[in-house]
Protein chains: 2
Amino acid sequence: MQYFFKPRGIAVIGASPGKGKGGNLIVSNLKEGYTGKIYPVNPRYEAIEGLACYPSILEVPDPVDLAIVFVTAKMVPHVIADCGRRGIPGAMIQSAGFSEIGALGQSLQDKALSVAQENRIRLWGPNCMGLVDAKNRYVFSTVTPTLWETGLPAGDVSLIVQSGMLTGAFLIDLMSHGVTGISKVCSIGNKMDVNENDLLSFLVEDPDTTVIGLYLESFADPRRFMELARSSKKPIVILSGGKTAKGAAAALSHTASLSASGAVVRGAMVQAGVHQANDFYQLTDYCRTLAMFPSRSGKKGNRVAVLTYTGAAGIVSVDLMDAHRLIPATLSAETLNALQSVFPEWMPPANPVDMWPGIIINGSKAAYRKAMEAVCADPDVDAVLAHCFVGGFDLDPDLPQMTGIAQRAGKPLFCWISGEREGVYDFQASAQKINVPAFREITRAIECMDLVLNRSPVEETGSLSLTAAPETSDLQRFTDLSKMDNGPVDEFTAKQILSEFGIPVVEEAIAGSKSEAPEIADRFGFPLVAKGLLPGIAHKTESNLVQLNITSKAQVERAYTELDAAMHGSGRILLQKQIPGKIELVTGFIRDANFGPCVMLGLGGIFTEALGDTIFGMAPVSQKEALAMIGRLQCQELLNGFRGSEPVDRESVAQILVSLGELGCRHSGIQEIDINPLIIRKGFPIAVDGLIILA
Amino acid sequence: MQYFFKPRGIAVIGASPGKGKGGNLIVSNLKEGYTGKIYPVNPRYEAIEGLACYPSILEVPDPVDLAIVFVTAKMVPHVIADCGRRGIPGAMIQSAGFSEIGALGQSLQDKALSVAQENRIRLWGPNCMGLVDAKNRYVFSTVTPTLWETGLPAGDVSLIVQSGMLTGAFLIDLMSHGVTGISKVCSIGNKMDVNENDLLSFLVEDPDTTVIGLYLESFADPRRFMELARSSKKPIVILSGGKTAKGAAAALSHTASLSASGAVVRGAMVQAGVHQANDFYQLTDYCRTLAMFPSRSGKKGNRVAVLTYTGAAGIVSVDLMDAHRLIPATLSAETLNALQSVFPEWMPPANPVDMWPGIIINGSKAAYRKAMEAVCADPDVDAVLAHCFVGGFDLDPDLPQMTGIAQRAGKPLFCWISGEREGVYDFQASAQKINVPAFREITRAIECMDLVLNRSPVEETGSLSLTAAPETSDLQRFTDLSKMDNGPVDEFTAKQILSEFGIPVVEEAIAGSKSEAPEIADRFGFPLVAKGLLPGIAHKTESNLVQLNITSKAQVERAYTELDAAMHGSGRILLQKQIPGKIELVTGFIRDANFGPCVMLGLGGIFTEALGDTIFGMAPVSQKEALAMIGRLQCQELLNGFRGSEPVDRESVAQILVSLGELGCRHSGIQEIDINPLIIRKGFPIAVDGLIILA
C-alpha cells in the first residue's frame with residue numbers, strides 16, 4: 001500500500017486548468033503539501049498550475065507510483081490499461097458513475113476491475129474522495145481549498161470512510177472545529193478492489209496512526225476484518241450504517257450494500273474488541289478520546305472524582321454515570337481532610353466536589369489545583385471529571401497545571417466545558433493539545449469515560465477462519481441426512497445430533513406403537529409431553545401437534561391416538577419428559593449471508609420477541625467468548641439465582657454455544673439450528689425442543 | 001408575582017461601589033436595561049454608579065416594589081423586617097450562607113422566613129442569582145457583564161433553575177452560542193418561600209413565555225406542580241437532578257433536597273405531560289424546539305422525509321429514527337415522479353433522498369427547493385429532516401426558501417448542520433430566527449423530532465389533590481386493623497381488603513384445623529398451595545412457610561402439620577388454589593416521602609429485579625391513566641397474546657391500579673401494598689399473593 005500512502009510521484013489523469021473543477025483541485029491540493037513529483041495528464045493542455053502537462057500517462061517520466069484518475073467513467077478502463085502499460089502499481093479512481101448508478105455503471109466497474117487485475121494494478125475507489133494525510137500535508141483529493149484555509153491540524157486519528165461526500169464534509173467540519181487531530185482520512189467509495197481490510201491492515205502498522213475510526217455500510221470480508229481488529233493493538237471504533245431493517249434498506253439503495261442484521265454486527269464487533277458508535281461526532285469523539293488513552297492494559301478502575309463549579313452539574317453527572325458503569329469515588333478520610341483546607345469550615349467536602357465555596361476563598365486556579373492534588377492522591381480514585389467554565393465569574397482553571405497533576409498520578413482527566421463561545425473553542429483546542437478530552441455535553445464526557453475506563457481485553461479465542469474447523473464427515477448421521485430434502489430435520493433426529501455434539505437434551509423416545517407409549521411413560525415418569533413429528537413441519541405448536549401435561553397412562557394413549565390421527569398415520573410420535581423450570585433460554589445457530597456462521601443466545605419462552613434480549617457471536621466461539629456473550633445479556637442477572645433458587649451454571653450454557661458453533665462450522669449443510677426453549681433445570685441447561693434446518 | 005417580574009422601583013440593599021463585586025454588579029446590571037427607579041441602599045456611601053444612595057431601605061422614596069438583598073446572611077432577617085416596615089411586597093435574597101451551609105445557616109433561613117411571614121413579604125431565594133428577563137432586558141442579578149457583551153438574544157423559552165452558579169453559567173453559554181432565545185431565567189436557590197410552583201403558575205400565564213424549562217433537585221409540592229403542568233397549554237421540560245440513588249445522595253449534600261426515586265419522578269412527569277431531559281443542553285434543545293412547535297393538538301404523524309447531501313448520513317438517520325418512534329416516509333409515485341426531475345435519469349429517487357446527484361445538475365439551492373416542494377406536497381410525509389453543509393462543495397441550501405415551503409405545507413422542518421465552524425454558527429443562529437431547529441448531531445435532531453411529532457395529549461384524570469378522595473372509614477375492616485400494631489397485615493386479611501376494593505384474588509381459605517384442610521381441598525381442587533401466616537412475617541418464602549404443588553389429601557394434611565409445627569402453633573394456615581399462568585405481573589401501592597401515594601405496575605416473578613421494568617403513577621389514577629401506564633411497560637407487547645394464547649385484558653389490569661390508588665388514598669394508615677405475583681389466568685389478572693403494610 002506504500003504506493004498509495006507514500007508515492008514518489010503522482011500522475012493526475014484528467015487534470016484541468018479550470019479553477020474549482022475536480023481535475024484542477026487535485027493538482028492544486030497536491031501542490032500545497034505534497035513534496036514528490038506531480039504530473040498533470042491531459043492531451044488538451046501544455047501546462048496546468050505551472051506544471052508541465054503530459055498528453056498521456058504513457059509519456060510521464062519516472063518516478064511515478066500512483067495515478068489519480070478523474071476522467072469520465074467510460075474512459076476509466078482504457079486509462080487503467082495505459083497505467084498498466086506504464087508500470088504504475090496503484091490507481092485512485094475519484095470519478096463517479098460506476099456501480100452506484102446501476103447496471104450500466106456496474107458493468108463499467110467490472111470491466112475496470114478486470115483490466116486492473118490483468119495489469120496487476122491495485123484500484124482505490126471509484127466514487128471516492130481519495131486520501132488526506134494531515135501529518136504529511138498530502139491531499140490526494142478533490143476536497144475544496146477550505147481545508148487549507150482552516151489548516152490541517154495533524155493528530156493521531158485515522159479514518160476509513162465508505163462515503164465520498166461524507167469524507168469531505170467530515171474533514172472540513174472536524175478541522176474547523178479543531179478538536180480532533182487527524183492523521184489519515186481514506187475515502188474508499190465503491191471499494192471495487194482496495195477495501196477496508198487492505199487499509200486497516202496498513203493503518204494498524206502505520207506509525208502515524210494511534211486510533212482507527214471507520215464508517216462502513218458493508219463488510220467486504222467480515223472475518224478478515226475481525227481478525228485484523230482482534231490482532232490490532234490500536235483501538236478501533238466503527239459506525240456501521242444500516243443496522244436497522246429500514247436503515248439497511250436505505251444502505252442498499254446507497255451503495256448497493258448487503259447489510260448484516262444489526263444484532264449480528266454488534267455481537268461480532270464486541271467479539272473483535274471494536275468499539276461502536278451510533279452517530280458521526282460520537283465516532284470522532286470516541287476516536288479522539290482513545291487517541292489519548294490508547295492502551296487496553298494497565299491499571300483500570302471506574303471510580304470517578306467529579307470537580308464541579310456547580311453542584312447541579314455534579315448531581316447530573318452522577319445520575320448519568322449510573323447508566324455507564326461508572327461510580328462516584330468514595331473519598332478517603334485523608335482526601336477529605338486535604339480537601340477541607342480548600343473549603344470554608346462549614347462545608348464538609350464530598351464527591352462530587354462542589355468547588356464554588358473553595359473558589360471564593362482561594363480563587364479558581366488554586367482551588368482546582370488543590371482539589372486535583374487531593375483527589376489524584378487518593379488510591380480509590382481512578383479518574384477525574386472536571387467541570388470547567390470560561391467567560392465570566394472568574395472560574396477559569398489552570399488546565400495545564402491540572403493536567404500535569406493528573407498525568408503524574410496516572411489518572412485520566414476528562415473535562416466538561418461550557419461558557420462563552422470563543423473561550424469554549426479555545427479551551428477545547430488547547431485541551432486537545434495536552435491530551436485532555438473536553439466535551440460540550442456531560443453525556444458525551446461520560447460515554448467517553450466509560451469507553452476508556454471500562455475497556456477490557458478482547459476474549460481469547462481460536463481462529464475465526466473457517467478453514468480452522470474443516471468440514472468433516474465425522475458424524476455418520478449426516479450421511480443419512482444427506483439423503484433428505486432441504487428443510488427442517490425432525491425434532492428427534494435433530495436432538496440426537498445435538499446430543500452427539502455434547503448438548504444435553506431432554507429424555508425422550510419415539511413411541512413406535514400405541515402400546516409402546518405407556519412403557520415409555522413408565523421409564524420417564526409423569527408429567528410427559530407428546531409431539532407429532534411430520535416431515536417438513538417445523539412449528540408443531542401452531543399445527544396442534546404438541547400435547548403437554550400428560551399425567552396418566554390413559555392420557556398418553558389418548559395423546560398417541562389423537563396425534564397419529566392428526567398426522568394421518570404419516571408421522572412419528574415423540575414422548576418426552578416434561579421439564580419444569582423457571583428460566584427458559586433460547587439458543588441457536590444461523591448462517592448470516594454476510595458474516596457467515598453465528599451462534600445466538602437469548603431469553604427464551606414468551607420473552608424472546610417481547611424483550612429482544614438476544615446476543616450474537618461469530619462462530620466458532622471459544623468457551624471464554626461464550627461466557628462473555630452470556631454476560632452481555634440484558635437479563636443476565638437472572639442467571640445468578642434469585643429468592644434462594646440455585647444459580648445457572650454458566651460454563652454449561654457456554655459449552656452449548658461452543659458446540660453449536662462447531663457443529664455449524666463443520667457441516668456447511670446446516671442453515672440454522674434453533675433450541676427454544678433451553679430450560680434451566682436445577683441450574684443446568686437442557687434442550688427441550690430442537691430444530692435443525694438444512695440447506 | 002408582578003412585583004418580582006415588573007417592579008416599578010427596585011431598592012438594592014447592600015449596593016457597593018466596588019467594581020466586579022456583587023453589590024455593584026446588581027446596580028450596574030439594572031442600569032443597563034431596567035427602566036424603573038433604582039435605589040442603591042448602603043449607609044456608607046452617598047452615591048453609587050451615579051445614583052443617589054440611601055442609608056436605609058426606610059428612607060427610599062416611592063415607587064419601590066422590590067428589594068434585591070445582597071448583605072451578609074446574618075443581617076438578612078433584620079433587613080427583611082425593615083422592608084416590611086417600608087411596605088415592600090417582595091424581596092429577592094441573593095446572598096448565600098443559609099440552609100446550604102448547615103445548621104447555623106438553616107436557623108438564619110428559618111428566622112428570615114418567619115420575619116417575612118409576619119411582615120407579609122414574599123421572599124425569593126436565598127442563595128440564588130435572581131432573575132434575568134431578556135425580552136425586557138432586566139437583569140436582577142450579580143451575573144457578570146459578559147451578558148451585555150454578547151447581547152441578550154430574546155426568545156420564548158423561560159427557565160426555572162434550582163442552582164445559582166448553573167443559572168449564570170447556563171445563561172452565558174446559551175447566549176454566546178446563540179441558538180436558544182431566552183425570555184426569563186429564574187434562579188430559585190434554596191426556595192425558602194417562592195418556589196418552582198409560584199414561578200410556574202406565573203409563567204404559564206406569561207405572554208412572553210412559550211415554553212418552560214426547569215432544572216430541579218427537589219419538588220416543593222409535587223402534586224401542585226403536576227396540576228399546574230397538566231393544566232398548562234405550554235410545553236414544559238424538566239431535568240431533575242438526583243434520579244439515581246447515587247445522584248440523590250449527591251443532591252442531598254448539595255441543596256439538602258430529599259429526592260423521590262427516579263422511577264416515581266419519571267412516572268409522575270409522564271402523567272403530567274412534562275417532557276424529561278437527562279442533560280443540560282438536551283434540556284435547552286428540547287425547549288427551543290418546542291418553542292417553535294408548541295402545540296400539542298393538530299395533525300400529527302411520525303413519517304419523515306430525509307433530504308441529505310450524503311447517503312451515509314441518510315442511512316444513519318434512518319437507523320437512529322428506529323429507536324425514536326419515527327419512520328422514514330414511503331414516498332408516493334407522484335412524489336417520486338416530481339423528484340425524478342431533480343435527478344439524473346440513472347438515479348431512481350428514494351427516501352432518504354440523496355441530493356448529491358441532483359445538486360450537481362441543479363445547484364444546491366434549486367435542488368433542495370425542488371426536493372422540498374416534492375416531499376412537502378406528499379400527504380404521507382409528516383415532517384422533513386434536511387441535512388445541510390456550509391463551507392465548501394457549494395452545498396449551501398437556501399434555508400429561508402425551504403422553510404417557507406415547509407411552513408406553507410404545515411410540516412415541521414428540522415436540520416442537521418455541519419461544516420466550517422463560523423458558517424455552522426451563522427446557520428444555527430439564522431435558522432433559530434425563522435423557527436427551524438438546527439442541530440450539530442443527528443441524534444439530537446431525531447430526539448427533538450420525536451418530542452414534537454410524537455407528542456400526545458395528556459391523559460384525562462380526576463384531581464390529584466388528595467382532598468378529592470377524603471379519608472373514610474367505609475371499610476369496617478380498618479376499624480379492626482387499627483387495633484393492630486404497625487407492620488404487615490396477614491395475607492388472608494390483606495386479600496379480603498383487596499377483594500372488598502374490587503381486586504380479584506385467588507380462591508383461598510383458612511384451615512382452622514388439620515381436618516378442615518382436606519375439606520377445603522375438596523372445594524378448590526388440586527393443585528393447592530399452603531402458607532403459614534405468622535404475625536409480622538412479610539416474607540413467607542424465605543421463612544419456609546410456603547408449600548407449593550400439593551396434589552393429594554395426604555399432602556395437604558402433611559403440609560398443615562409441618563407449617564403448624566414451624567410456627568409453633570401460633571400462626572394461621574392458609575390454603576389456596578395454585579394458579580398456572582405464563583405471565584406474572586407485580587403491582588402495588590407506595591407512599592413516597594415526597595410524591596405521596598403512588599401506584600406501581602411491573603413485570604413480575606423472577607423478572608422484577610432483573611429487568612427493572614416497573615412503571616409508577618401518582619395516585620389516584622384514572623382508568624385512562626392506568627391504561628397509559630400499562631402501555632409504557634417495556635414488555636407491554638407480552639400482553640398482546642403470543643403463540644396463540646389469549647391477550648391480557650388491559651382494562652382489568654388498569655382497574656386494579658385504579659382500585660389500589662383509591663384504597664391507598666382513602667386510608668392514610670396504609671404505607672404499602674404489594675401484589676406479587678398478579679398472575680394472568682386466561683387473560684384476566686388475579687392476585688395470588690398480597691401484602692399490606694400499615695404505618
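**Note on the two-chain model**

1. The C-alpha centres of domain 1 and domain 4 of chain A lie 71 Å apart. Chain A is divided into domain 1 (1–127), domain 2 (128–294), domain 3 (303–453), domain 4 (507–578) and domain 5 (584–694). These bounds come from an automatic or database domain assignment.

2. This is a predicted model: local features need pLDDT of at least 70, side-chain atom pairs count only at pLDDT 80 or more, and totals for chains, interfaces and linings use all residues. Residues are numbered from 1 along each chain as its sequence is written, while chains are lettered from A and ligands numbered from 1 in the order in which they are written.

3. How is chain A superposed on chain B? A rotation of 180° does it, with 0.0 Å of shift along the axis and an RMSD of 0.2 Å. That is the relation of a two-fold axis. The same surface serves both copies: 100% of the contact residues of chain A recur in chain B.

4. The largest nonpolar core has 434 residues. Such a core is a set of buried Ala, Val, Leu, Ile, Met, Phe, Trp, Tyr and Cys residues joined through C-beta atoms within 7 Å. A:Val384 and B:Val384 touch the most other members. Leaving aside neighbours within four places in sequence, B:Val384 is in contact (C-beta atoms, placed from the backbone, within 7 Å) with residues including B:Ala305, B:Leu307, B:Met372 and B:Leu413. B:Lys411 is also one of its contacts.

5. Two cis peptide bonds in chain A deserve a look. One joins A:Asp62 and A:Pro63, with omega about -10°. A:Pro63 sits in the loop between β4 (51–52) and β5 (66–69) of chain A. Another joins A:Ala619 and A:Pro620, with omega about 0°. A:Pro620 is in the loop between β28 (614–618) and α24 (623–631) of chain A. Helices (H or I, at least four residues) and strands (E, at least two) are DSSP runs, numbered from the N terminus.

6. Now the backbone angles. A:Arg120 is not a glycine, yet its phi is positive, about 50°. Its place is the loop between α4 (103–118) and β7 (122–124) of chain A. A:His568 also has a positive phi of about 50° and is not a glycine. A:His568 lies in the loop between α22 (553–566) and β25 (572–577) of chain A.

7. Are A:Arg120 and A:His568 buried or exposed? A:Arg120 counts as exposed because it has 9 C-beta neighbours inside 10 Å. A:His568 is exposed too, with 8 other C-beta atoms within 10 Å. The cut-offs are 20 or more other C-beta atoms within 10 Å for buried, 12 or fewer for exposed, and partly exposed in between, with C-beta atoms placed from the backbone.

Technical notes
Two residues are in contact if their C-beta atoms, placed from the backbone, lie within 7 Å. Copies are superposed by least squares on the C-alpha atoms of residues with pLDDT of at least 70 in both.
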